[in-house]
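Here is a short briefing on a cavity and on salt bridges. The structure comes first, and the notes follow.

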Amino acid sequence: MRVRRVIVGIVLAVLTLSVGQDAGATPPKRRTHTVVMEGTRFQPETISAKPGDTIVWVNKDLFPHSATSAAGKFDSSVIAVGASWKFTAKTKGDFDYTCIFHPTMKGRLRVQ
Amino acid sequence: MKRCAILVAGTLLVSAGIASAQNVNDAQIASIVVTANQVDIDAGKLASSKAANPEVKKFGQLMVTDHTGVNKSATDLVKKLKVTPEDNATSKSIKSGGDENLAKLKKLRGAEFDKAYVDHEVEYHQQVLDAMDKTLIPSAQNAELKALLVKVRPAFVAHLEHAKQVQSSLGKSK
Ligand SMILES: [Cu+2]
């Protein structure tokens with residue numbers, strides 16, 4: 001009787017553990033995507049991400065830029081030469097963005 | 001085959017002729033690049049203090065920031081390559097063109113100043129782009145110097161486009 005109870009206890013514990021692990025085994029994979037600012041352009045122009053992913057803008061150009069989007073509710077403000085700025089995507093959608101200094105620079109963040 | 005070889009030789013001669021007509025060495029290219037940037041920094045400084053229209057003022061400030069950044073990279077590279085920038089006909093004409101522009105702008109104020117500054121910016125960026133494509137990039141011998149020119153070129157395209165946008169917004173506001 002006592003042995004059976006112990007075995008049941010162990011089985012239950014293992015089950016609970018594995019259920020717990022299952023829940024923890026598939027966390028949303030959070031990735032980081034990089035957009036390079038160079039040649040007065042965003043490269044790539046369109047970056048795709050999932051909610052929870054992080055996008056890093058790296059300024060490899062010779063002067064400051066920004067990544068600014070009214071629709072996407074993000075604004076890096078000035079990103080100096082050699083500096084970078086991170087943003088974590090939350091809501092799904094296509095968000096056009098630009099550089100506050102160079103209106104010809106156009107980019108799109110696609111969160112899906 | 002023979003005819004083909006003659007044709008090729010002929011083409012080479014023609015392109016050699018064009019190249020020698022615009023022949024500039026790396027030291028001269030360095031001087032042209034630094035002078036071209038400096039001229040636009042000086043005009044931008046004047047515009048950022050004197051322009052009446054806020055867009056024009058902002059554009060002037062941008063020219064100071066961007067061309068200062070380009071010139072920093074250019075002078076860093078020139079030092080690294082141990083090249084001494086060498087004055088030449090092109091750099092001298094850019095300098096005198098810049099001086100004339102400043103002298104003209106200093107006499108103007110308000111909307112007249114804004115228009116003259118922006119019109120000249122459109123012209124200037126177009127001229128520098130032409131020089132880059134026809135002379136500077138094809139003539140550059142050093143790979144790093146050529147790479148810098150190629151990297152800088154899109155900034156001139158962006159500035160030209162931006163200057164045209166400001167130009168047309170000035171036209172509309174009148
Ligand atoms: Cu920019």
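B:Glu144 has a relative accessible area of 35%, so B:Glu144 is partly exposed (buried is under 20%, exposed over 50%, partly exposed in between; 1.4 Å probe, protein chains only). This is a predicted model: local features need pLDDT of at least 70, side-chain atom pairs count only at pLDDT 80 or more, and totals for chains, interfaces and linings use all residues. Residues are numbered from 1 along each chain as its sequence is written, chains are lettered from A and ligands numbered from 1 in the order in which they are written, and side-chain values use heavy atoms, with hydrogens and water left out.

**Salt bridges in chain B**

- B:Glu144 forms a salt bridge with B:Lys80, with the closest N and O atoms 2.4 Å apart (a side-chain nitrogen of Lys or Arg within 4 Å of a carboxyl oxygen of Asp or Glu).
- B:Lys80 lies in helix 3 of chain B and B:Glu144 in helix 6 of chain B, so the pair ties together parts 64 residues apart in sequence (helices are DSSP runs of H or I, at least four residues; strands are runs of E, at least two; both are numbered from the N terminus).
- B:Lys80 is exposed, at 53% relative accessible area.
- B:Asp99 and B:Lys95 also meet in a salt bridge (3.0 Å, N to O).
- These two residues are four apart in helix 4 (residues 89-106) of chain B, so about one helical turn separates them.
- B:Asp99 is partly exposed at 39%, and B:Lys95 is partly exposed at 44%.

**Salt bridges in chain A**

- The side chains of A:Arg110 and A:Asp94 form a salt bridge (3.0 Å, N to O).
- A:Arg110 sits in strand 9 (residues 106-111) of chain A and A:Asp94 in strand 8 (residues 93-98) of chain A, so the pair ties together parts 16 residues apart in sequence.
- A:Arg110 is partly exposed at 28%, and A:Asp94 is partly exposed at 39%.
- A network of salt bridges links A:Asp94, A:Asp96, A:Arg108 and A:Arg110.
- Over all chains, the count is ten salt bridges.

**Cavity**

- There is one cavity of 30 Å³ or more (on a 1 Å grid over the protein atoms alone, a set of points where a 1.4 Å probe fits but cannot get out; lining residues have an atom within 4 Å of a point).
- The largest cavity has a volume of about 40 Å³ (the space filled by probe spheres set on the points, which are joined across faces, edges and corners).
- Its lining includes B:Ala30, B:Val78 and B:Leu148.
- Helix 2 of chain B gives the most to this lining, with three residues.

Conventions. 1 Å grid on protein atoms, 1.4 Å probe; cavity = no way out; pocket = protein on both sides within 12 Å on 5 of 7 lines; lining within 4 Å.
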